[in-house]
Amino acid sequence: MTKVAIFASGSGSNAENIALHFKGSNSVIVDCIISNKSDAYVLERAKKMGIESAVFSGKCFAETDEVLNYLHSRGVDFIVLAGFLLKVPQNLLDAYPRRIVNIHPALLPKFGGKGMYGSHVHEAVIAAGETETGITIHFINENYDEGDIIFQASCPVLPTDTPDSVAEKVHRLEYQYFPTVIADTIEQLKASSFS
Ligand code: GRF
């Protein structure tokens, strides 16, 4: 059984969608949900689904091994960032090489990097006159939004679109693809560690 930890800072609709996708799976389990915000709605979702959750401050993430120790104590094998706003510290990158994936709500390498999160991304896409946007699922490295891309899917941006309507389309793509891309990535990881 591969144990997954989901990191999220906000609403957590992706976290919930992923957890529901793997409910009853005999190969992958969402073991815990971790947040850096004690009032993040994702924690309510975790409670409702009966999934263990934990909150660590930004300082804890950046300056201690507490998060790493927590993940090790639970036997977590794989980490999914779903709307997680902090930079992942080096100790976690070292402990989980090519085992941490993020979803970005645009077609990287466009509209990525520091400050490009949430509605800022969709506002920038519209301001740039883009005719399409989408999602990017990628491994993470020490720079924001720069790890190897695993998967992208796109949707049109119409002249009538607003940041909210773009966000809605992007969320639909996220719900459709993120869980299966996670499942495939874990399968590939398992296959490669046996070869
Ligand atoms: C998603 O659009 C994701 O791509 C981005 O943050 C948003 C999180 O939404 N990284 P939610 O918290 O899963 O509803």
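The questions and answers below concern backbone geometry and cysteines in a predicted model.

User: Where does R98 lie, and is R98 buried, partly exposed or exposed?
Analyst: Most residues other than glycine have a negative phi. R98 has a positive phi, near 50°. The loop between α5 (90–95) and β5 holds R98. Because its relative accessibility of 47% falls between the 20% and 50% cut-offs, R98 counts as partly exposed.

User: What is phi of F111 near, and is F111 buried or exposed?
Analyst: F111 is placed in the loop between β5 and α6. Phi of F111 is positive, near 55°, and the residue is not glycine. The relative accessible area of F111 is 19%, and the cut-off for buried is under 20%, so F111 is buried.

User: How many disulfides does a search of the whole structure find?
Analyst: A disulfide requires two cysteine sulfur atoms within 2.5 Å. The search of the whole structure returns a count of 0 disulfides. For C32, which is in no disulfide, the nearest cysteine sulfur is that of C60, at 15 Å. C60 is likewise in no disulfide, its nearest cysteine sulfur being that of C32, and the number of disulfides found is 0.

User: Are C32 and C60 buried or exposed?
Analyst: The relative accessibility of C32 is 0%. For C60 the value is 13%. Because buried means under 20%, C32 counts as buried, and C60 also counts as buried.

Conventions. Residues are numbered from 1 along each chain as its sequence is written. This is a predicted model: local features need pLDDT of at least 70, side-chain atom pairs count only at pLDDT 80 or more; totals for chains, interfaces and linings use all residues. Side-chain values use heavy atoms; hydrogens and water are left out. Helices (H or I, at least four residues) and strands (E, at least two) are DSSP runs, numbered from the N terminus. Buried means under 20% relative accessible area, exposed over 50%, partly exposed in between (1.4 Å probe, protein chains only).
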